[in-house]
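Hi,

Here is the structure I promised to pass on.

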Amino acid sequence: MFSFMFLVAFLVFFLVFKHVLSSLISLEFLVLAMFMLLSLFPLSSSMEMYTSFFFISIVVCEAALGLSLVILWVRKKGNDLFTSF
(Lines give C-alpha, C1' and ligand atoms only; values in the text may rest on other atoms or scores of the structure.)
Protein backbone atom coordinates (compact mmCIF):
# COMPACT_ATOMS: atom_id res chain seq x y z
CA MET A 1 0.00 0.00 0.00
CA PHE A 2 2.82 2.43 0.84
CA SER A 3 4.58 1.72 -2.41
CA PHE A 4 1.31 2.53 -4.20
CA MET A 5 1.14 5.83 -2.29
CA PHE A 6 4.72 6.57 -3.26
CA LEU A 7 4.04 5.77 -6.91
CA VAL A 8 0.88 7.90 -7.05
CA ALA A 9 2.63 10.86 -5.43
CA PHE A 10 5.56 10.49 -7.82
CA LEU A 11 3.26 10.43 -10.85
CA VAL A 12 1.23 13.40 -9.63
CA PHE A 13 4.41 15.40 -9.06
CA PHE A 14 5.64 14.81 -12.61
CA LEU A 15 2.32 14.95 -14.45
CA VAL A 16 0.47 17.78 -12.67
CA PHE A 17 2.79 20.76 -12.63
CA LYS A 18 0.52 23.69 -13.41
CA HIS A 19 0.57 25.24 -9.92
CA VAL A 20 3.48 25.47 -7.52
CA LEU A 21 1.24 24.69 -4.55
CA SER A 22 -0.02 21.44 -6.09
CA SER A 23 3.58 20.41 -6.71
CA LEU A 24 4.44 21.12 -3.08
CA ILE A 25 1.45 19.12 -1.87
CA SER A 26 2.44 16.14 -3.99
CA LEU A 27 6.01 16.41 -2.66
CA GLU A 28 4.69 16.35 0.90
CA PHE A 29 2.57 13.30 0.08
CA LEU A 30 5.66 11.65 -1.36
CA VAL A 31 7.64 12.39 1.79
CA LEU A 32 4.76 11.14 3.96
CA ALA A 33 4.81 7.82 2.12
CA MET A 34 8.57 7.61 2.60
CA PHE A 35 8.20 8.35 6.32
CA MET A 36 5.53 5.67 6.68
CA LEU A 37 7.81 3.17 4.98
CA LEU A 38 10.68 4.26 7.23
CA SER A 39 8.62 3.85 10.38
CA LEU A 40 7.02 0.58 9.25
CA PHE A 41 10.26 -1.21 8.48
CA PRO A 42 12.60 -0.34 11.35
CA LEU A 43 16.28 -0.21 10.68
CA SER A 44 18.46 -2.94 12.10
CA SER A 45 20.29 -0.56 14.43
CA SER A 46 19.24 1.03 17.70
CA MET A 47 19.28 4.50 16.10
CA GLU A 48 15.94 4.00 14.36
CA MET A 49 14.04 6.58 16.43
CA TYR A 50 16.73 9.21 15.90
CA THR A 51 16.71 8.59 12.17
CA SER A 52 12.94 9.02 11.91
CA PHE A 53 12.97 12.16 14.08
CA PHE A 54 15.77 13.62 11.99
CA PHE A 55 13.85 12.79 8.80
CA ILE A 56 10.64 14.38 10.07
CA SER A 57 12.47 17.54 11.21
CA ILE A 58 14.08 17.95 7.79
CA VAL A 59 10.68 17.46 6.13
CA VAL A 60 9.05 20.10 8.33
CA CYS A 61 11.82 22.58 7.49
CA GLU A 62 11.42 21.80 3.78
CA ALA A 63 7.66 22.33 3.97
CA ALA A 64 8.02 25.66 5.76
CA LEU A 65 10.60 26.84 3.24
CA GLY A 66 8.44 25.78 0.30
CA LEU A 67 5.37 27.50 1.68
CA SER A 68 7.28 30.70 2.35
CA LEU A 69 8.62 30.64 -1.21
CA VAL A 70 5.09 30.20 -2.57
CA ILE A 71 3.91 33.17 -0.49
CA LEU A 72 6.76 35.32 -1.80
CA TRP A 73 6.04 34.18 -5.37
CA VAL A 74 2.34 35.02 -5.07
CA ARG A 75 3.13 38.44 -3.65
CA LYS A 76 5.51 39.17 -6.52
CA LYS A 77 3.69 37.56 -9.47
CA GLY A 78 0.06 37.58 -8.31
CA ASN A 79 -0.56 33.84 -8.75
CA ASP A 80 1.21 30.50 -8.38
CA LEU A 81 1.11 29.35 -11.99
CA PHE A 82 4.27 28.02 -13.55
CA THR A 83 3.26 29.60 -16.87
CA SER A 84 3.55 33.14 -15.51
CA PHE A 85 7.34 33.41 -15.72
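Helices here are DSSP runs of H or I with at least four residues, strands are E runs of at least two, and both are numbered from the N terminus. An unreviewed UniProt entry annotates 49–74 as "transmembrane region"; such annotations may be inferred rather than shown by experiment.

Bear in mind that this is a predicted model, with local features needing pLDDT of at least 70, side-chain atom pairs counting only at pLDDT 80 or more, and totals for chains, interfaces and linings using all residues. Residues are numbered from 1 along each chain as its sequence is written, and side-chain values use heavy atoms, leaving out hydrogens and water.

Now for the helix pair. α1 (residues 2–15) packs against α2 at about 160°, the axes being 8 Å apart (lines fitted to C-alpha atoms over the stretch in contact, with angles from 0 to 180 degrees between N-to-C directions). The two are therefore roughly antiparallel, the label for angles over 145 degrees.

On the α1 side, the contact (heavy atoms within 4.5 Å) includes A9, V12 and F13, while S26 and L27 are among the α2 residues. Its residues divide into 15 nonpolar, two polar and no charged (nonpolar: Ala, Val, Leu, Ile, Met, Phe, Trp, Tyr, Cys and Pro; charged: Asp, Glu, Lys and Arg; polar: the others, Gly among them).

Finally, S26 sits in α2 (residues 20–40). S26 counts as buried because its relative accessibility is 5%, the cut-off being under 20% with a 1.4 Å probe and protein chains only. Leaving aside residues up to four places away in sequence, S26 touches A9, V12 and F13.

Cheers

Key:
Buried means under 20% relative accessible area, exposed over 50%, partly exposed in between (1.4 Å probe, protein chains only). Angles under 35 degrees count as roughly parallel, over 145 as roughly antiparallel, 65 to 115 as roughly perpendicular and the rest as oblique.
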